Amino acid sequence: MTPPPAAAARLDSAPLPLSEKKPVDRAAPARADRPFRGIALILVSTVFLGASDVTAKYLSGTLPSIEIAWIRFLVFAAIMFPAMVPGSPLFALRTPRPGLQLLRGAALLGSSLFFISGLRFLPIAEASATGFVSPLFVTALSIIFLGESVGLRRWLATALGLVGVLIILRPGTSAFHPAAFFPLVSALAWAGTLIMTRMMSGRERAVTTMTWSSIAGVCILSALVPFVWVAPSLNDVLSGVFIGIASTAGQWIVVLAFRYADASVLAPFSYTQLLWVSILGFLIFGEVPDVWTVTGAVFIVASGLYTAHRERIRRLRLSEAEPSPNA
């Protein structure tokens with residue numbers, strides 16, 4: 001349900017300051033080179049995000065996916081509410097691109113909704129590992145929407161990740177489940193979310209983007225949830241509130257982590273989320289990842305790590321090519 005932080009490695013690491021023409025709004029905090037603090041934060045975030053995913057799977061046994069996502073976004077919007085109040089010192093709805101913000105929120109909603117739908121039918125380790133292919137989709141989409149060039153080695157890394165997906169899903173065999181497409185669509189929607197984040201980079205603060213995403217999600221789901229409504233028990237409501245708090249806290253911690261370390265440093269540690277969901281999946285649901293899931297996950301993780309490495313090299317080359325302001 002919650003997109004993996006490793007998928008955000010390429011695009012969410014940049015700070016999102018507001019335009020200099022709006023002095024009344026706060027600028028994004030400056031970066032600080034403290035890699036150990038960043039690693040500690042990313043490890044903590046994977047615990048929150050993993051717990052959110054496992055709780056979503058638990059709740060999918062009693063509530064429809066749309067209703068689970070609605071509770072999650074309702075809590076998300078409640079947390080972001082102070083940023084929606086005009087006159088509040090936390091007000092963060094000013095944006096030069098409201099349409100793009102709403103579209104990003106819809107893509108984020110789609111990512112969450114498809115992931116939850118997959119959890120109803122798939123082991124959580126399998127769904128989570130498949131969801132980690134987001135960086136591969138980002139590579140392809142960045143060519144179309146950002147005009148980036150992608151070298152042969154990054155395409156080979158992408159192919160390696162896709163091989164990992166095929167190993168996990170095993171299409172054409174009796175082990176294949178049609179619901180396996182849900183995490184893939186979720187990963188594609190999350191990649192679109194990251195592409196739009198890059199498009200707004202340098203113009204928006206993270207709090208502005210998160211606030212608009214919460215509004216878009218809760219509005220769309222509020223229109224859909226009456227058609228699938230199932231009266232939740234108190235335990236269902238409490239579980240849904242936990243999902244909203246844990247996922248929102250996890251995403252905020254990810255944002256903080258990227259203030260202290262580069263994506264190439266943090267990416268290896270973000271994959272520990274697979275470990276947490278596997279452990280919790282075994283303890284709560286009795287699910288043991290099979291050898292195919294583990295092997296495919298190794299391919300996907302290796303692909304993601306190499307993609308992050310190549311992105312670091314690309315950024316270094318771009319920074320070296322820029323003329324010095326003192327020249």
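1. **Confidence of the model.** Residues are numbered from 1 along each chain as its sequence is written, and side-chain values use heavy atoms, with hydrogens and water left out. The protein chain averages a pLDDT of 82, and 84% of its residues score at least 70.

2. **A region to read with caution.** Over residues 5-25 the pLDDT stays under 50, and for this stretch the model has 70 contacts beyond four places in sequence. A contact means heavy atoms within 4.5 Å. Where pLDDT is low, the predicted coordinates should not be read in detail.

3. **Overall architecture.** The secondary structure comprises 12 helices and 0 strands. Helices (H or I, at least four residues) and strands (E, at least two) are DSSP runs, numbered from the N terminus. Of contacts between residues at least 6 apart in sequence, 90% join residues at least 24 apart. The chain has 327 residues, of which 51% count as buried; buried means under 20% relative accessible area, exposed over 50%, and partly exposed in between (1.4 Å probe, protein chains only).

4. **The largest nonpolar core.** This core has 39 residues, and Ile68, Phe73, Phe76, Met80, Leu119 and Leu221 touch the most other members. A nonpolar core is a set of buried Ala, Val, Leu, Ile, Met, Phe, Trp, Tyr and Cys residues joined through side-chain atoms within 4.5 Å. Helices supplying at least two residues each include α1, α3 (98-119) and α8 (206-224), and α2 gives the most, with 8 residues. Apart from this core lies another, of 15 residues, among them Ile168, Ala180, Leu184 and Ala187.

5. **The salt bridge.** A search of the whole structure finds 1 salt bridge, in which the side chains of Glu287 and Lys57 meet (3.5 Å, N to O). The pair links distant parts of the chain, 230 residues apart: Glu287 is in the loop between α11 and α12 (291-321), and Lys57 is in helix α1. The term requires a side-chain nitrogen of Lys or Arg within 4 Å of a carboxyl oxygen of Asp or Glu. Glu287 is buried, with a relative accessible area of 19%, and Lys57 is buried at 10%.

6. **The nonpolar surface patch.** Val47, Tyr58, Leu275, Trp276, Ile279, Phe282, Leu283, Ile284 and Val288 make a nonpolar surface patch of about 880 Å². Patches consist of residues with over 30% relative accessible area and no salt bridge, with like charges joined within 9 Å and nonpolar side chains (Val, Leu, Ile, Met, Phe, Trp, Tyr) within 5 Å. Accessible areas come from the Shrake-Rupley method with a 1.4 Å probe; for residues, only the protein chains shown count as cover. Helix α11 provides the largest share of the patch, 6 residues. Leu275 lies in α11 and is partly exposed, with a relative accessible area of 46%.

7. **A residue of helix α5.** Ile143 is placed in helix α5 and is partly exposed, with a relative accessible area of 34%. Not counting residues up to four places away in sequence, Ile143 touches Glu148, Val150 and Trp155.

Methods: Predicted model: local features only at pLDDT ≥ 70, side-chain atom pairs only at ≥ 80, totals over all residues. pLDDT = per-residue confidence, 0-100.
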